[in-house]
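Biologist: I'm new to this one. Can you put it up and walk me through it?

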Amino acid sequence: MQALAQFTERFGSMVSRLLLTALYYGVLGPVALVYQRVCDPLHLKRRQAGNWTKWESTNEDVAAARHQD
Amino acid sequence: MNVLGLSFYYHDSAAALVKNGVLVAASAEERFSRKKHDSGFPELAIEFCLKQGGITIHDVDYVVFYEKPFVKFERMLLTAMATFPKSAAVFRESMQRWISDKLWIKSMMSKRLEVPRSKFLFADHHVSHAASSFYTSPFEEAAILTVDGAGEWTTSTMAVGRGNKIEVLKEMRFPHSLGLLYSAFTAYCGFEINEGEYKLMGMHPYGEPKYCDEIYKLLDVAEDGSLWHDMRYFKYHHSTNDTLSPLFEAHFGRPRRDPKHQDTSLDPYYCDMAASIQRVTEEILLKMITHLHEITGLKKLCLAGGVALNSVANYKLMREGPFEDVYIHPAPGDDGCSAGAAYWAYNHLLDQPRGPALEHAYLGSEHGDDSIQSFLEANDIPYRKISDDEEFFDFVARTLESGHVCGWMRGRCEWGPRALGSRSIIADPRRMEMKEKLNSKIKFRESFRPFAPSVIEERADEFFDIPEPERHWPARFMLYVAPVREEKRDVLPAITHEDGSGRLQTVYRQTNPAYHRIIERFGELTDVPVIMNTSFNLKGEPIVESPAHAFNTFSLSGMDFLFMNNFIVEASAKKKIAETTFHLRHDGDSVTQMVS
């Protein structure tokens, strides 16, 4: 029984890795290629005037704090 | 009003209970689960907090998670897109973890705690850090700096705390991070990330800061202390197991050190590198706090985030920085975020008045005489007990004076990573051989690692360069490395590090009377009211919590005596007790774990 559980876990992990790889190259990839041309979310390009950015607070009441985003 | 704060699924899971504005209980899960840096759901820590607070989960008004999971998920996705196609492996690995656990945090918590979903709140990671420090500080208003590896997007913030409110002014965002920079050099010098940063700090006095200029070529540091990393030198934003790119090693002309040499070798090159990154870290932090002082005009500073565990830098910020007073929470890392999240909800969000400052870190579990005695008797462990406290303290002080190394367990466990005299291994700091003995026969760790001194607050200034010790709150929590006074270095060879410093803990009679009395009595016998204090654990083991853990660790090491409350166990009683197993951890986190 334990061997079956181990096999199922490994098989599940392998399948999920395959699906995630397909998702990465098939879905995320084309979007990413366009995205990289228009956005720089990681600020990979050198910045001239310091790297602090203004804090945008969106979590100031109980209703907002209930959200996970 | 009862607010339960939780942090988990990164490292150092923890729970903290704020009851009517007072932090009544807080503990890392690892103390109970015995898994070092346990990142799982802190079920045992929650159970402890509720029991300690005398409530059930149904009495809790809010449960507050320490970060916003979906914002972090967004960062993972956008980072994968920005680094496509190099990020395939990290995308696969991190998404597996997110899909199986992290995306379902709210429903999982609701199910496991049997609490309605409306009671769950989510704080921002760095706001949790800021709150942990400001709301437990003695300051009515203060500037706040938080610096760690990475939260959701944020890696550092500057904020202001006034009364019961915190206003965040600025942030720095991933991947530009002082914490991750320090971790990159931790990996370069052959230590584990999220584990070996202490070792790098302990190694730095053996080297010279020769490579600061070379380090500064990897990044831009503005006058306001902000950082921009040239990511061609780093890989942590798109690799599963590598922080450094080949260009990093080419830049310095030497490969990263093989981790298998970390325990034995003090290679001068890597010692110089440790000294250099320490200097750079201090210079950047100093720029940050100078800028923070300029924009806020405030006189007090609260520090938080994993970088605030750099006790060498903390002392320099206090001595060389523009702020009059500095406060650091005893758990400035992610474990402390559980307390911060609870405080933030209680004070800032629900507009409740502030509670008292946190004068001590004894917020964990406790075992009474009955529990200790029944453990000893159930396991046929020979012991004796000296019921009279003064007689017992005299016995302990004389045992230390005669050169014995002792395990010391008494009172409530400490909150945070430091042992502060509740779960400590103690010894005589006047004997040079103690350092070698503790490192090789008791802690089984690197020979260069220093040991900390505990000194009674009344006489701290006599032995350490720490004038007006009562003003230095971080020293209560062992978060300062201060110079040992030159004339005292020969008196305290076992705790004086290579550069003449010591990571001192000031001990107060009001907050830990028994530990204070031991040191005081030791001082009466020797004229040195200082003892050597290291955490009660073996290398890679969480600090002990219960009598069983303490006895097991005592039995596996070269300690001479074990003191649990007023019970005395001698070395001849050592034996293996099967049920007190623990997982020794010698490896750090993977790069994916570090950033996600």
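Predicted model: local features only at pLDDT ≥ 70, side-chain atom pairs only at ≥ 80, totals over all residues.

Biologist: How many residues does the contact take from chain A and from chain B?

Modeller: Chain A gives 32 residues and chain B gives 39 residues.

Biologist: Which element brings the largest share on the side of chain A?

Modeller: That is H1(A), with twelve residues. Strand S1 (53-54) and helix H2 (62-65) of chain A each supply at least two residues as well. By class, this side of chain A has 14 nonpolar, twelve polar and six charged residues.

Biologist: What does S1(A) pair with?

Modeller: Strand S8 of chain B, residues 165-173. The pairing is antiparallel, over two bridges. Thr53(A) stands opposite Glu171(B) there.

Biologist: New topic. At what angle do H7(B) and H11(B) pack?

Modeller: About 175 degrees, with their axes 10 Å apart. Angles over 145 count as roughly antiparallel, so H7(B) and H11(B) are roughly antiparallel to each other.

Biologist: Which residues meet there?

Modeller: From H7(B), Leu178(B), Tyr182(B), Phe185(B) and Tyr188(B). They meet Met273(B), Ile277(B), Thr281(B) and Ile284(B) in H11(B).

Biologist: Why would such spacing work on a helix?

Modeller: An α-helix has 3.6 residues a turn, so residues three or four places apart point the same way. By class, the contact of H7(B) with H11(B) has seven nonpolar, one polar and no charged residues.

Biologist: And H20(B), how many of its residues are buried?

Modeller: Seven of ten, among them Phe551(B) and Phe554(B). Their cover includes helix H14 (369-378), strand S14 (406-409) and strand S21 (561-564) of chain B.

Key. Residues numbered from 1 in each chain as written. Chains lettered and ligands numbered in written order. Buried ≥ 20, exposed ≤ 12 C-beta atoms within 10 Å, placed from the backbone. Helix = DSSP H or I, 4+ residues; strand = E, 2+ residues; numbered from the N terminus. Contact = placed C-beta atoms within 7 Å. Nonpolar A, V, L, I, M, F, W, Y, C, P; charged D, E, K, R; others polar. Pairing = 2+ DSSP bridges. Axes fitted to C-alpha atoms, helices over the stretch in contact; angles between N-to-C directions. Parallel < 35°, antiparallel > 145°, perpendicular 65-115°, else oblique.
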